[in-house]
Amino acid sequence: MNNQDRHSLFSQLVAHHQNELYAYIFAIARNWDDTDDLYQTVCLVLWSKFDLFRPGSSFFAWARQIAKITVRNFLKHKQPWTQVSDELLDAFTASTLDARCSRPGSYMTALERCREKLTGDDERLLNLRYVEDLGSRQIGDRLGRPQQSVCQSLKRIRRWLLDCVKMELVRQEHSRETLS
Amino acid sequence: MHAALRLQLRATRATKKVNQQINSDPAILIADTTDLLMPVTSPTVSCDCFATAFRSAFALFSDGAPLAYLLATVITGLGLLISAVTYVSQPKQLGVQSQKNAERLATTGEESKQFVVGRITGMVDCQWANPEAEDVNGANVPLGRKYVLSSGLMEITYNTGAMVILQGPVMYEVESMNGGFMSMGRLTGKVENPKAKGFAIRTPTACVTDLGTEFGVEVNKEGHTISRVFRGEVELRVVASNIASPPAVRVLHANESILVKDSVDHGDLHRVIVTASPPVEFVREIPGRTKRPSDGFDLIALWRFNGGAFLADSSGNGHSLVNHGAKQVDNAASFDRTGMMMSADAIDLTPYKKVRISWRQNLASLSNHVIWGQGYGAEGSPYRTGVLAAYVSVVDRSEHVGIRCTTGNGEGMDDWNRDQFFPTTHVWEDYAVEYDITTFRADVVRVFHNGRHLVSDSFTVGDGLPPDSFVKAPFCLGARNAQSTWFTGQIDDFKIEGKR
């Protein structure tokens, strides 16, 4: 496999599991900014070790192990007053084994599908709100829009997403029932 | 919703960053990876990716309180993780509600890139599940578009000639150039053109292929497919369930109807075809196509930008266009800041007291554009004094983004900010402006999707040069003249009407 193929396979696998992996890291780190850094570190470690990954085995299980170690060491460094118990982490890791976000029919998958249908402007607004963590006033300043209109847009997008997710879940339910 | 959105968006951004890093340096090395060379499947591996100097210090602090803190953290985290993967809706209750929730493919910028497979050719009392999914009569139907009607009728004519009448409540997806997928609801298909032979409607349990005919298909609340043939014949193929259920294919002739349903027999699931009396009423014609009552306006010019008649005037008055760099994209005129179109001849509006200009537009960006103008001829042309024009005007991004409709030569433009009609990018919007020469007022009507009248306003225009009458001059689309204020986006169905 050349590097191009390797990378494309890798990014597919990561993209498929990104929500679970991110959620897993956040559940331990409990801080969005730390999670961002940790997630990237974990992914780069995974990439550098990608040759060790056996196709067919669970990518997420592997990623979770790397994540566990990385996050634990990070916490030890950042919050030396806490002792990170391996046993607890293992118990937690095991309990997330079945909490798969990416199976079809889940809320997260539905949300993801719905997000793909947003316009570029809406997606940008959500990013400013949830990724850059700006308030509606700051977003308004950034985009040169009144705060009120930003609030309304966000409300509209969320309402639409909620409706879309509901329908997506019905649709998936429907197709599962009728096809199985 | 908030937590899930935050999580997904952040994960997406972080993944993007990772991919960028890998792209820029595929051989990227993590400074602290040496400890990770051990088998990753061992649950008790220990390694320190960060300053190992701290390690000895940890042990000193390993009393009960921090442990409790960690425990609380993990439990909270677990809760978050579980909530992130928990359903928030009760699917069973949504049978009715789901009609109201629409997919919003209609409004994404993707539309302009999508392949158009047909047009909407009729609508009666359409209630959309989501107003933003509405579309206008005569609008393009791109491949992959989903239509969710809670009530009403909508007719789609495919480019192949096949026609379907969707009967709300219905969920229909245009999944191929010659067919579609209906997950629930009812439709009638009509295939007369031999080119459209093989037109197929898929449902969750069956596929109905047309053999030159008129037929109806329904997916009822139980998920069963019912098919009825009015004329000709269709082939119905059952989508395989876990157990093959003979017969899998059935040809239906005129006035036959059948039902495909799942039944459990000896503990096994069978998908069976049974003869059914037609329990449903299919609408076979769009009843009394609602024609707008004539309001005294004469059609002067109509540019549809369709097919081989890109530059032609469909009004029959021969006002064809001369193209200066615009492109035909999805049967609309597409402008990229460098192109414009101009009518080949002067359009005489002098006999009229009222003039109505209507057009559809899909803006690519919010910056100053001239959408169209009359009298603003190309540089050096004799028509330099403008009378009518419409602009996308961005004076100050926080306050003054709008469509402004003017008369006069444009000099009084800065005074006309009171008419703010906020345009949106990457969405097809309909506008109509009426200019009244006697009161020297413009009645601006913004029409948005499905002919629904959203905003209307009247205002006095052109404090500079009140014309005595309309003029005789060419129309420019996409620019005012060869030098300035180009348009980026698409214009379609441009219509000029006048009332004497």
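B:R10 is buried at 2% relative accessibility (buried is under 20% relative accessible area, exposed over 50%, partly exposed in between, with a 1.4 Å probe and protein chains only). This is a predicted model, where local features need pLDDT of at least 70, side-chain atom pairs count only at pLDDT 80 or more, and totals for chains, interfaces and linings use all residues. One partner of B:R10 is A:D133, and their side chains form a salt bridge at 3.8 Å, N to O (a side-chain nitrogen of Lys or Arg within 4 Å of a carboxyl oxygen of Asp or Glu). That pair crosses between chains, from helix α1 of chain B to the loop between α6 and α7 (136–143) of chain A. Helices here are DSSP runs of H or I with at least four residues, strands are runs of E with at least two, and both are numbered from the N terminus. A:D133 itself is partly exposed, at 40% relative accessibility.

B:R10 also forms a salt bridge with A:D36, with the closest N and O atoms 3.8 Å apart. This pair goes between chains too, from helix α2 of chain A to helix α1 of chain B, and both A:D36 and B:R10 are buried.

## Where the helices cross

Two packed helices are described by the angle between their axes and the distance between the axes. For α6 (residues 120–131) of chain A and α1 (residues 2–24) of chain B, the axes come within 9 Å and cross at roughly 100°. That makes α6(A) roughly perpendicular to α1(B) (65 to 115 degrees; under 35 is roughly parallel, over 145 roughly antiparallel, the rest oblique). The axes are lines fitted to C-alpha atoms, for helices over the stretch in contact, with angles from 0 to 180 degrees between N-to-C directions.

On the α6(A) side, the residues that meet α1(B) are A:E123, A:L126, A:N127, A:R129, A:Y130 and A:V131, and on the α1(B) side they are B:H2, B:L5, B:R6, B:L9, B:R10 and B:R13 (contact means heavy atoms within 4.5 Å).

## A bridge inside chain A

Over all chains, the whole structure has 21 salt bridges. One within chain A pairs A:R113 with A:E168, the closest N and O atoms being 2.8 Å apart. The two sit 55 residues apart, A:R113 in helix α5 (residues 107–116) and A:E168 in helix α8 (residues 147–179). A:R113 is partly exposed at 34%, whereas A:E168 is buried at 0% relative accessibility.

Chain B has four helices and 29 strands, and 53% of its 500 residues are buried. Among contacts with a separation of 6 or more in chain B, 57% are between residues 24 or more positions apart.

For backbone checks, look at the cis peptide bond between B:G168 and B:P169, with omega about 5°; B:P169 is in strand β4 (residues 163–176). B:N255 is not a glycine, yet has a positive phi of about 65°. B:N255 sits in the loop between β11 (249–252) and β12 (257–265), and is exposed at 55% relative accessible area. B:D330, also not a glycine, has a positive phi of about 50° and is partly exposed at 24%.

## Bookkeeping

Residues are numbered from 1 along each chain as its sequence is written, chains are lettered from A and ligands numbered from 1 in the order written, and side-chain values use heavy atoms, leaving out hydrogens and water.
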